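The stops below go from one selection to the next.

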Amino acid sequence: MGIARSFVAVLVLICIFLREGRAATFTFVNRCTGTVWPGIQSNAGSSRLDPTGFVLPPGTSRAVPAPSGWSGRVWARTGCAQDGTGKMVCATGDCGSGSLECNGQNAATPATLAEFTLAGGNGDDFYDVSLVDGYNLPILIEPAGGATGATTCAAAGCTADLNARCPAELRTEGGAGCRSACDAFGKPEYCCSGAYANPNTCRPTAYSQVFKSACPKSYSYAYDDPTSTFTCGGGRDYTVTFCPVATPSVKSSGGPGATTAPPTLPGAGATPQMPRQGGTDGQGVMLGDNSWLASLATGDVSSAPPRPGLALRASPLAPLLLLGLLL
């Protein structure tokens with residue numbers, strides 16, 4: 001009887017061990033007509049993913065594993081090339097590292113962000129697409145085995161071409177991106193700062209409503225509708241698609257300071273043109289309450305909630321070790 005009970009206990013512990021230690025896989029897909037260079041930044045206290053930046057030619061995909069409890073943001077850099085000093089620079093989303101990998105650095109605005117907190121409150125995953133830092137191209141997040149048409153475990157993102165409808169005062173030079181009003185003007189009412197640093201005083205503006213009307217299920221400013229945050233049970237994989245709607249053409253756009261010589265990076269110098277179709281926009285993730293929503297949404301990743309306890313990593317020897325401890 002004692003051996004049987006120990007065996008049952010071992011099975012239970014193994015199940016818990018494997019569930020808590022399960023890593024997620026992000027599959028990045030490029031449906032743009034030009035090359036993009038995804039960047040990845042982990043939140044403070046969260047593990048660094050490998051790689052933190054890579055090249056993704058049109059029509060290709062790449063899988064990147066993430067440990068349980070990981071939180072951070074991903075985006076696409078566009079129009080990347082080498083400048084006169086040999087450093088990598090990008091027209092939009094540049095992380096300032098001067099190389100293919102972002103090495104913990106954030107995207108320069110404007111950039112569309114996909115944000116994740118895996119195995120957060122109650123072990124659930126939280127994710128969204130953010131336009132709080134502006135927009136450079138469409139992004140769609142799709143959970144494996146998710147529902148359709150609901151805010152619980154459904155596809156989230158912005159598939160609209162916001163560059164085509166961007167107000168002139170927010171448009172970047174060359175039209176490769178659309179800045180947020182906070183980035184463009186720096187006023188507290190647009191940045192939800194100072195006297196506007198709470199959801200009662202920071203309200204939608206004419207500019208945030210431009211984003212929201214095109215991308216109604218995503219965040220358009222720091223205290224946007226919290227139903228724009230999507231939730232799934234933990235332990236699943238996600239597909240992040242750049243330009244989820246087929247893009248009709250590619251426009252040329254060199255990175256800032258790029259030379260006029262032929263680019264030396266794969267697909268360099270090409271910025272995908274955005275599809276002209278409705279979708280969603282996004283901002284920061286939220287766990288239960290919105291006390292830290294604004295700081296994460298406005299790019300202060302250091303104020304995100306602390307990472308849950310380190311998950312045990314599954315190992316082929318784990319069942320034997322557990323059995324040895326109990327017998």
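Which residues have the most contacts inside the largest nonpolar core? Select Phe26, Phe28, Phe116 and Phe242: these hold that place in a core of 31 residues. A nonpolar core here is a set of buried Ala, Val, Leu, Ile, Met, Phe, Trp, Tyr and Cys residues joined through side-chain atoms within 4.5 Å; buried means under 20% relative accessible area with a 1.4 Å probe, protein chains only.

The model is predicted: local features need pLDDT of at least 70 and side-chain atom pairs pLDDT 80 or more, while totals for chains, interfaces and linings use all residues. Residues are numbered from 1 along each chain as its sequence is written, and side-chain values use heavy atoms, without hydrogens and water.

Next, colour the strands that give two or more residues to this core, including E1 (24-30), E9 (139-143) and E12 (238-242). Strands are DSSP runs of at least two residues, numbered from the N terminus.

Stay on E12, where 4 of the 5 residues are buried. E12 pairs with E1 in the parallel sense over 5 bridges, and with E9 in the antiparallel sense, also over 5 bridges; pairing requires at least two DSSP bridges. On the E12 side, Thr241 stands opposite Val29, and Tyr238 is the bridge partner of Pro143.

Now centre on Phe26. Beyond its neighbours within four places in sequence, Phe26 is in contact (heavy atoms within 4.5 Å) with residues including Leu49, Trp70, Phe116 and Tyr238.

Finally, select Leu131, Leu162, Phe211 and Cys215, which are among the 13 residues of another core, apart from the largest one.

Notes: Buried < 20%, exposed > 50% of the residue type's maximum accessible area, 1.4 Å probe, protein only.
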